[in-house]
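Here are a few exercises to work through with the model open beside you. Try each task before you read its solution.

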Amino acid sequence: MSNIEDILDELDKLTLYEATAVLFTALFSEKVIAIHITGMLDAFSNSARPSGGLYLSDMSDYASQLGGVNVPLAEICHLASLDTSHEYSPVSSFITSFSIASDFACVETDKLLDDNEVELGRKAAEELDWLWSRIKTGQCAMSELEETELFKRIKQNA
């Protein structure tokens, strides 16, 4: 977060997934531990703890089964039958899943997201949904991310 302004200035040089991880990290900066996005490994993690073998597709499925918002990662690990007995187990964080263009961005936080933050995340996912589809099919460039209300709001608050 200490370099967020520089990163935002070069957002178009990142992959679509990396740029999305940056935007969601900036959106929930005080609470984010990691951003997990379909098609990539954990991004912008504030923790060195291992993922425990939980794949994102499973994480988003389990989170959805458990309500999709502020789901304790311990419950997801339990549902996935993962061993959480070792000292580095990721059991004290929360997962909120957002759907973007048939993919998922799972925001892992160390504190619960409040209703306003969840709504901000949903609006961000909705705004990115259309753009993701267009970027993936080559109908627009990554630089168009900088034209979104989400980007402008984050840039203004950075």
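**Exercise 1. Find which residues of the largest nonpolar core touch the most other members.**

Solution. Start with the rule: a nonpolar core is a set of buried Ala, Val, Leu, Ile, Met, Phe, Trp, Tyr and Cys residues joined through side-chain atoms within 4.5 Å, with buried meaning under 20% relative accessible area (1.4 Å probe, protein chains only). Next, see where the core comes from: helix 1 (4-9), helix 2, strand 1 (32-37), strand 3 (94-100), strand 4 (103-109), helix 5 (115-136) and helix 6 each give at least two residues. Helix 2 gives the largest share, eight residues. Finally, a separate core of 10 residues includes Ala63, Cys77, Ala80 and Ile95.

This is a predicted model, so local features need pLDDT of at least 70 and side-chain atom pairs count only at pLDDT 80 or more, while totals for chains, interfaces and linings use all residues. Residues are numbered from 1 along each chain as its sequence is written, and side-chain values use heavy atoms, leaving out hydrogens and water.

**Exercise 2. Work out how helix 2 and helix 6 pack.**

Solution. Take the geometry first: helix 2 (residues 16-27) meets helix 6 (residues 149-157) at about 50°, with axes 10 Å apart. Now look at who touches whom, counting heavy atoms within 4.5 Å as contact: Leu23, Ala26 and Leu27 from helix 2, and Leu150, Phe151 and Ile154 from helix 6.

Key
Axes are lines fitted to C-alpha atoms, for helices over the stretch in contact, and angles run from 0 to 180 degrees between N-to-C directions. Helices (H or I, at least four residues) and strands (E, at least two) are DSSP runs, numbered from the N terminus. Buried means under 20% relative accessible area, exposed over 50%, partly exposed in between (1.4 Å probe, protein chains only).
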